[in-house]
Amino acid sequence: MHATSVPPLLVSRLDCERLESLLEQPLAKGLNTEPLRRELDRAELLEPKEMPDDVITMNSTARFRDVNSGAERELTLVYPKDADGSPEKVSILAPVGSALLGLHVGAVIDWPVPGGRTITLEVLSIRYQPESAGELHR
């Protein structure tokens, strides 16, 4: 998983603490958590109240457009316990989940899809972000 260009990565201090704790749990053992660890290592941490409302944080729901086909879809970035297998939810421990964390509206990423192909997605909007909604106990 790589970004077309490596955009600046903003992560809330609260999300970072929760994710670092998650990476220490047995659930994360045996999974490739290196992409998430790399993202957290390069992240600029902000207090939740300082988080711009155009950045994907944990539990954010964002709208994406496939740059090639024009198709749009919504995805919510969730903790593994909330990943129920539905196509609208992406676990932070999935390779593409760690790539979504910290992206901002207008960012473009390459997204691997079944069959070894890659599609290019652009972040169009963020419909829900816990920090801007004032819902930090999630």
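Let's start at Gly 102, which sits in the loop between H3 and E6. Those labels are DSSP runs numbered from the N terminus, with helices (H or I) of at least four residues and strands (E) of at least two. Is Gly 102 buried or exposed? Gly 102 counts as buried, at 2% relative accessibility. By that I mean under 20% relative accessible area, while exposed is over 50% and partly exposed is in between, using a 1.4 Å probe and protein chains only. Gly 102 and Met 51 are 51 residues apart along the chain, and their C-alpha atoms are separated by 10.0 Å.

A quick word on what you're looking at. This is a predicted model, where local features need pLDDT of at least 70 and side-chain atom pairs count only at pLDDT 80 or more, while totals for chains, interfaces and linings use all residues. Residues are numbered from 1 along each chain as its sequence is written, and side-chain values use heavy atoms, with hydrogens and water left out.

Now, the sheet. Five strands make an open sheet with mixed pairing, in the order E5-E4-E3-E7-E6. Two strands count as paired if DSSP finds at least two bridges between them. Which strands stand at the edges? Those are E5 (89-91) and E6 (108-113), each with a single partner strand, so one side of each has no neighbour in the sheet. On average, neighbouring strands here are turned by 45° against each other, direction ignored. For such angles, axes are lines fitted to C-alpha atoms, for helices over the stretch in contact, and angles run from 0 to 180 degrees between N-to-C directions.

E5 pairs with E4 in the parallel sense over three bridges, and Thr 76 stands opposite Lys 89 in E5. E4 then pairs with E3 in the antiparallel sense, over five bridges. E3 and E4 form a hairpin with five residues between them, and Gly 70 in the turn has a positive phi of about 85°. Ala 62 is a handy landmark: Ala 62 stands opposite Leu 75 in E4, and the bridge partner of Ala 62 in E7 is Ile 126.

On to the charged side chains. How many salt bridges does a search of the whole structure find? There are nine, where a salt bridge is a side-chain nitrogen of Lys or Arg within 4 Å of a carboxyl oxygen of Asp or Glu.

Arg 13 and Glu 47 meet at 2.8 Å, N to O. This pair links distant parts of the chain, 34 residues apart: Arg 13 is in helix H1 (residues 13-24), and Glu 47 is in the loop between strand E2 (44-46) and strand E3 (61-66). Arg 13 is partly exposed at 29%, and Glu 47 is partly exposed at 27%.

Glu 39 and Arg 42 form a salt bridge at 3.1 Å, N to O. Both lie in helix H2 (residues 34-42), three residues apart, about one turn of the helix. Glu 39 is buried, with a relative accessible area of 15%, whereas Arg 42 is partly exposed at 35%.

Glu 74 is in strand E4 (residues 72-78) and Arg 63 is in strand E3, 11 residues apart. Salt bridges that share partners join Arg 63, Glu 72, Glu 74 and Arg 127 into one network.

What about the inside? The largest nonpolar core has 31 residues, and Leu 19, Ile 92, Leu 101 and Trp 111 touch the most other members. A nonpolar core here is a set of buried Ala, Val, Leu, Ile, Met, Phe, Trp, Tyr and Cys residues joined through side-chain atoms within 4.5 Å. Among the elements giving two or more residues to this core are H1, H2, helix H3 (95-100) and strand E7 (117-128).

To finish, which residues line the largest cavity? They include Asn 32, Pro 35, Ile 92, Pro 95 and Ser 98. H2 and H3 are the elements that give two or more residues to that lining. For the term itself, a cavity is a set of points on a 1 Å grid over the protein atoms alone where a 1.4 Å probe fits but cannot get out, and lining residues have an atom within 4 Å of a point.

Key:
1 Å grid on protein atoms, 1.4 Å probe; cavity = no way out; pocket = protein on both sides within 12 Å on 5 of 7 lines; lining within 4 Å.
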